[in-house]
Every structure is written in structure tokens, then in C-alpha cells.
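Hi,

Here is the structure I promised to pass on. My notes on what turned up in it follow below.

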Amino acid sequence: MHDDSRLVLERINRFLAERITPAVYRERIPLSLTAWEAPDEPVPFAEAVEHPFVPIAPGALWGKPWGTTWFRVTGTVPDAWHAASAEPEGDDEGAALAAELVVDLGFTNAQPGFQAEGLIYTPDGVVVKAVEPFNTAVPVDAFTSGSEVDIYLEAASNPDVGFPWDWQPTPLGDKATAGSAPLYVLRGIDLGLRDVTVWELERDIITLLGLHAQLPAASNRGAQILRALERMCDEMDPHDVAGSAATGREALAGVLAVEAAASAHHITAVGHAHIDSAWLWPTRETIRKCARTFSNVLALMDRDPDFVFACSSAQQYAWVKEFYPELFERIRVRVAEGRFVPVGGMWVESDTNMVGGEAMVRQFVAGQGFFQREFGIRATTGWLPDSFGYTGALPQLLAGAGIAQFLTQKISWNDTDRFPHHTFLWEGIDGTRMFTHFPPMDTYNSDLSQGELALSDRQYAEKGAANSSLALFGHGDGGGGPTREMIAAGRRARSLDGSPTVELGTPESFFARAKAEYEHPPVWSGELYLELHRGTYTSQARTKQGNRRSEHLLREAELWAATAAVRTGAEYPYDALAAAWSTVLLQQFHDILPGSSIAWVHREAERNYAVVAEHVGELVDEALTALAPSGASEAGILVNAAPVAVRGVSALGAGSPDPAPQTSVHRDGDTVVLENARARFVLDARGRVVSAVDVRSGRDAIAPGESAGLQLFRDTPTKWDAWDVDEFYRRHGHDLDGDVTLEADEARAAVRVSRRFGASGIDQEFALAPDTATLEITTSVDWHERQSMLKFAFPLDVRADRAASEVQFGHVHRPTHENTSWDAARFETSAHRWVHVGEPGFGVAVANDSMYGHDVSRRTRRGGGTLTLVRQSLLRAPLFPDPEADQGEHVVRSSLTVGAEIADAIAAGYALNLPLRTAAAPIEPLVSIEGDGVLVEAVKLAEDRSGDVIVRVYEALGRRTTATVHFGFSVASVVQTDLLEDELAAPDGFESATNGLALRPFQVVTLRVRRG
């Protein structure tokens, strides 16, 4: 052997590239091709095949952006191929040759799932398998048992919007601007005779080269591998690879047979295909991606009895059931076998930072409900590998939905701090602990290469205490799933010296092993904050506003529909509510709600939210009408769907408001003053709030010399435009205080401020309602800036070391200082309806009706001293992937409450998000709570349509407390249930005899009430 290993490797790599790989197919025969291009959106198989197909040849241009071309492929398998064309199953290498359809639609070397893809059908419309980049072959025996080939190929000419990830504006993300020029060149659709022995040899060589690259340069094992590979080259005939492939395999058999050490890291490899329900493609394309991916998976299962695939997102199963029913029935069979494994238990892999509490519950109710109905099972493993951070409320919700363990991967993307664990107990805000793992491989799209296996071994944080990790293998994001090459790589690493050991398994088998070997894992308490993608709390404001308003409309509709059903016998609109929830849950997917998808996706989302608003608004009106006595029309009746009383109107009811002293508005020199018995707010000539006095304490919440108002920042992240806000944005901002007009409206007790800047304009109204310490601010923006961020800043004269931010069913405290790198990295955070900062005895709440992004920090104020700066992020204007993101008109509402405790912040948040309505008659609450800080989050009828009333409550202040639930109707029985509405065998803090609750901080309790 030559002493220079570099030259030896060059020889081996060339031998692989020029001799082995070209010899995988002994022969290729072109097939006859005809085609029909769909004029617009995709059509079903039955419709497509009725159209006239015209001849097409390799080299032809095809496929406009987002188009669909159907190919008909015909030909004859040579008789000589039949004798040895059965592909081996599993490790059986007895068959030497396999006849295959080999397709190249013009694939590039870029990532699969982001370009052309195809789905093959038999002439009678049965789905066979997909063809995609790096997965181009279909065994002939999968679609014919004879010699004649006759298949249809539905080819999607999807543009690769992302590649080469240069973050430049592109018209390709919207069909209206993408153009019609063909994107692809058809390279060919052939019959190929695959030499299985040569293919297996190719797999051997790739595994050994990969392993060699991971071993120390001077290791004995590495030298043995290199010698074996060189011997393989020597002993094979380069002019007769087919005839000498078996000899080549024999030369490598010895080094492949050396087993791993007993101490080797163990990896459970689970087949997977992360399919984004929308991202750089619309949801209609996701439906087809699901069919392609799942057919690939089923084809692998047909040939490999050990292969297991885990798949989340009930929505994607539901799509396949609706549009590909025969394929769904094949999935059902594999689910029953335990090989096609539903995981996650959610409707989609949603965002978890911005989804509301009840909506997060419904993700599980809908997802687990579908799995139960269709497969007779419920998922036991939580599954969110790609969401952009994880709320501290999630462990309790996972456990309440029957989830026993949780998997994520995204925290490995942190840009500042390395998360210290890979297997740990995640403790939520209520104290619930969830066994959690995130793969040290740092990917959910593994190909099980030796490089990735070695990375898992190197990075595994639990060395010495445990020794197992999980790997998700398969092409993902755009789907595609596992390939036979990946399975071959995993099999070769089953027990291979120098490599972690690999077994093909299920998520449950991994977690059982991990729990058994790691009895006392470390605990991580609170949210799993992703130190990246902080801009997703703000991008695509209309999508976020649609989500927030839909969540609250659905709350109202369910409350009043349930009240009407109980009180009047009105029909509860189960189907209409389920349809609306389905839309809202889908659009909470982690690339839709975060605002990181192409224009097509967000324009569609906006249209869908408009439909939800119309239809659910009608349900609210119908229910309130049913609750009014015939002919009733009382004046001044206000409807309050919030769980807190407002202006004397009870929670969850309707009545006449208490009279209250009015607010006055008057000029004082260059300033305008709004005041009532509770508070006094002053705006200066720039339209900025320079004083906010709480009358009770006499404290001014605005720091001396400062003012609250709008600020504009340059927003040019290093990469991931719609996703990221980089820390340096803070160096490039200024107050918006020029070109202002200000008008006091005494009749409406409001101040109106108008300003122009750049290409944009903003109108604001500041109003102080009677008997409140809350300044309500409506901001109307005609936004035409680019790569800019608009914030509303509140510089507060409060020394707060931490801020409370609302999350699902509670709140989290985050430091306002930057003592550690973890604190500094948390410079943009998510909050739901409110943020609160305070000192003992005095606090301030900042609330909103549709924004999520905030930054809260300690700052030096003008003239010295410190202040606490709370800023709401109102709008961004990224250029990728949607170059028109956020352009146009927006209306958002904020509020500033002085002298506020946490309870006041909660009330302010509900006031903005559940504004009072008018009604024709008073409504007595269906449910009421006796006990401070315990709030009703949902009132609805049961999912099983039994007519039982479901009431969900939670402790909101973060303290142990007791409460009693009262019902405004005849009750036969009350039981505590899990989130899925199944009775708990051991009620948690609920005393049914008295309807009493003993709650821990932030505990969620669900009650099922049978009517008497």
C-alpha cells in the first residue's frame, strides 16, 4: 500500500465515481412519452387522463412555476430481464438484478422537496410511488407483473424558492408574479436494469469512506479500512465491474464485520419526513407532498419488514384520507402493524410561542381525536422538531393530552448558547415534568451517514450517565422521506467498529430505553427559548392578527352557543365550529403563524381568516339572538365574554354597566391632558405620552425626561430575513416625532395624532375610558417601508429586574438585565396579551390586541438614572421569502395601565381582545367562579356531542389557591377530565361534592358537567 493515504483516497473516490456508480445500472432503455399540461391548478387523476396527451422527448422544456404536467409512460420490459428482476427484501441479497423505472425530470443537486417532484399512478388510478431528487427509481414489479409498462406520472414543477439561500426578493413565491417560463428540462424516463450486487458494493464503499473520515488520522482501524478499500480496487476488474463486484464485496467484508465495542453510543434510527404544512409552497402542494412521501414510505415497507416510519400532524393524514382514500387505507394497515407510527398528537406541528392557550389545547383535541377515530390509538410521543422555541406551558398540556414524552431538535439552532442537555426532564410553569429528548445529530433530516452518526456521538451531552440517542432519518421540510440508501447505511452501522451502533426502531422503543438507562435525568425549568428566529413574533402582522382574533371569536361563539343550547335548547353548531377550528389550527403551523412563508401562503391565510371572522361572527350573533326573549330590546346592555367583570358587567354574561364619572380632555399649553378619577395622561406636541400618573399612588409611570411613542429601526438581519431580528438592530433606531398634527376630541374623550414619515403614514387615537387607569391606543398604519421595524416604546419609571409576560394559561418571568449570555440572547421575546413590570406596590401593564413581539430591558435614562423600557414590536418589512410582507394598511390596539398588578394586566389584555358587545337583554352567566385569580378559559359542549358542558379553568396569578365553581343551570354530575375530555381516575385538586378546586400555580383544570 502506498504510504500517502491522500493519494489512496483519491484513487478510491475516483474508482467509485467513474467505475462503480455508473455500473449500478447494467442497461437503460428509453420509454415512450406523451404529456398534458394542466392549464392552472392541479386536477385529479380521473380528470387528467381524459385529456389528449401529445408526444414529448428528453431535452424538452416543461413546467411553468407551480404548474402540473402529466406524463404517460409506455414501453416493454425485455424478456431477458424478467428472470432476475425480483428485488431482495431486507438483508436478502440473493437477487442479482432488478428492473426499475428510472426518472429524471430535470432534478438539480439542490435539496429534495424544493423543486420538481412526481407521483406515479397505474392506469386505473392506484398510487405507486413518488420520484424525487435522490429517489428516482421505482421497481417495475410495483406496478406490473408482466412485460408491458403503462403508467401516469403527475409532475409538479415547483420552483426552488429558497436555493441558494441568498435572501434576495423573488417573484416565485406567488403564482401571480412567478411568470410562465418553463423551469425544467426533461432528461429522461427509462427502464433500468439495476445490478444489486454493484449497488450493495457502492453502499459498502460509501459507508467505509464515511467511517474512515471520522476516525483519527493515525488510527489502526482507519488504516485497516483504507487497506481494504485499496485491496478492493486492486482485485476488481475496472472493465468488468458487474463481473467482479462480488469479489470487491468480499475484499470489504472483513472490515465491515468488525463489531462495535460494547461501550459504543447507541442510536435508534426512526424513519421520518418532516413535511412543512406550508412554507415555500402553498398548502395545496403540501397535500400532494404528503401523497408522494407516504407512498414512498409504503413502498419501502413493502420491501423491508423492519422499516418503521413516524409521522405527526393529523391534518396531513386527513388530507390523504380526503384526496387519496386508497392510499390512506394502506396507511391504516401499516398503523395497525405498528410500523407507520402516528406521533405528536397535534393537528399540525404548530408554533408554540404565539398560539393561545385554548387553541393549544385544541391542537391536541383535534389531533388525538383524529388518531383515535381513524386508527384506534392516541400518540404518546410529543413531536415538534422544528418549531421556533417552546412555551413553558407545554409540559402540562402534553401530559393532559396523554403524551408521555417529548421530542424536539430546534434548540440546537441557538445562535449564542449551547443547550446543556440532550435528554432531560422539562419542567413547565405549573411544575409538570416531561421526559424530553432532542437528537444530538442536530438534524431531523438525517441520511444516517457516518458523518452524522459520529456527530451524534461527539455531541451527546449525557456521556457517562446514559448512552442512547435518537436519529430521525429521511428527506424532510419539503418531504420525500427515507430512501433505500439511508436504510442500507443504517444496516451497515448496526454494529460497526468505530461507529455508534444503529437499530431501526420506533420513538417508543427509544424512549423506553432512554428512561430505563437514565433514572435521574437533569431538569430544565421554564420555556425552551430559541436564540434565533426572533423576528417570527412580528413578521406578517395580518396573519398574526387573524389568528388572535379568530381564537377570541371562537371563544365567544362557543360560550354563547353553549349558553343558548343549555338555556333555550338551541342547536349547538358543532360542524361549523369544527370547520372554523380546523382552519385556525392549520394556520398555526410553525411556518404560517410565524410569518415565514411565501406570499401565496400568507395571502391565503388572510382570506381564510376573513371567512372565519364572517362565519364565526354569525354564530355569535345567532346565539345572542337565541338568548334574547322574543321582542326584547333593552338599551345599554353590554355582553362580556371575558372571564373578568368589566364596568360592572359580570364575567361571561351580559347586563347594564355601572355609571362612572366621565373622562375629560383639555389642552394645557402645548400639551393635551386626558384624565379621570383614576389616572392622568399627558401628550406633548409631538404626539408622545410624556406623563402617565396613577392618581391613587401619585406615581408617574413615564420616566423623567422620557416619552412613550413610536420608534423606527433599521431591520437588516444577517440572514433568514422574515425569521430573524439581529441584536444590532437596536443601534439603528429613532423616535418618530416629526411631521405631526394633534387634535383633542372632547366629545369622544380622545386625542388624535397623525404623522408622516418616509413613504408611510400613521394615525393614532389615545382614549381614556371612564373609571379605568388604562390609556387605550389605536394605531392605524399605512406601511410602505422596507427592511424596517416599527415599535411602540414605553420608558417606565419602574425598577424591575424581571418582567412578566403572558403565555398560555399563565405567565413567565424573564430578566430585564443582561447578566449572562442567556439573558443577553433573550433580547426579543414573545408575549400574548400583556406584559407587566413592577416594584412592590406599583406596577405598569402594557397590553395589545394582536402583537406578540416585545423587548423589555433596563436602560439608562436621559439625565442619568435607570428606567425599564417595554417595547411592542408592531410591524416589520422583510424582503424574503415574501417581498411584499406587511405592506399596506394595518390597525392595532395597545394599552398602558398605571398602578397595575398582574390581575390588572390580565383584565387589560382581555379588554382589548374581547371587546364588549351589545345585546337585547341581560344574560346570566352559565358558569361563575368564586375565588380570586381563577379564570374560565373555555365553555363549550363536549366533543362527543353528548350535550355535556365542558368548562376549562386555570390559575392565572402563579399562586396556590382555592375556588368554587358555580353553574347557572341544573347539574346532574361534575367530573374532572383530561384535556381530551376523558374522566380522570384520580381527580387533581377537584372536590366534586362541592365543586371545589384546590389549584397549584398555573394549573389547568377541565370539568365535564352533565346536565340535570
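Buried means under 20% relative accessible area, with exposed over 50% and partly exposed in between (1.4 Å probe, protein chains only). The buried residues of α8 are Ala314, Gln315, Gln316, Tyr317, Ala318, Trp319 and Val320. Because seven of the 10 residues of α8 are buried, this helix is largely enclosed by the rest of the structure.

A word on the source: this is a predicted model, in which local features need pLDDT of at least 70 and side-chain atom pairs count only at pLDDT 80 or more, while totals for chains, interfaces and linings use all residues. Residues are numbered from 1 along each chain as its sequence is written, and side-chain values use heavy atoms, with hydrogens and water left out.

On confidence, the protein has a mean pLDDT of 96, and 98% of its residues reach 70 or more (pLDDT is the predictor's confidence in each residue, from 0 to 100). Please keep an eye on residues 86-94: there the pLDDT is below 50, and the stretch has 23 contacts in the model beyond near neighbours in sequence. Contact means heavy atoms within 4.5 Å.

Now the helix pairs. Helix α8 (residues 314-323) packs with helix α9 (residues 325-337) at an angle of about 130°, the axes being 5 Å apart. That makes α8 oblique to α9; angles under 35 degrees count as roughly parallel, over 145 as roughly antiparallel, 65 to 115 as roughly perpendicular and the rest as oblique. The axes are lines fitted to C-alpha atoms, for helices over the stretch in contact, and angles run from 0 to 180 degrees between N-to-C directions. On the α8 side, Tyr317, Val320, Lys321, Glu322 and Phe323 meet Pro325, Leu327, Phe328 and Ile331 of α9. By class, this contact has seven nonpolar, no polar and two charged residues (Ala, Val, Leu, Ile, Met, Phe, Trp, Tyr, Cys and Pro count as nonpolar, Asp, Glu, Lys and Arg as charged, and the others, Gly among them, as polar).

For helix α5 (residues 220-235) and helix α6 (residues 241-256), the axes come within 8 Å and cross at roughly 170°. The two are therefore roughly antiparallel to each other. Among the residues of α5 that take part are Arg221, Ile225 and Met232, and those of α6 include Thr247, Leu252 and Val255. The contact of α5 with α6 divides into seven nonpolar, three polar and three charged residues.

Some backbone details may interest you too. Phe163 and Pro164 are joined by a cis peptide bond, with omega about 5°, and Pro164 sits in the loop between β10 (148-157) and β11 (184-185). Another cis peptide bond joins Phe880 and Pro881, with omega about 5°. Pro881 belongs to the loop between β42 (866-875) and β43 (888-898), and Asp886 lies in the loop between β42 and β43 as well. Asp886 has a positive phi, near 70°, and counts as buried at 0% relative accessibility.

Best wishes

How values were computed: Helices (H or I, at least four residues) and strands (E, at least two) are DSSP runs, numbered from the N terminus.
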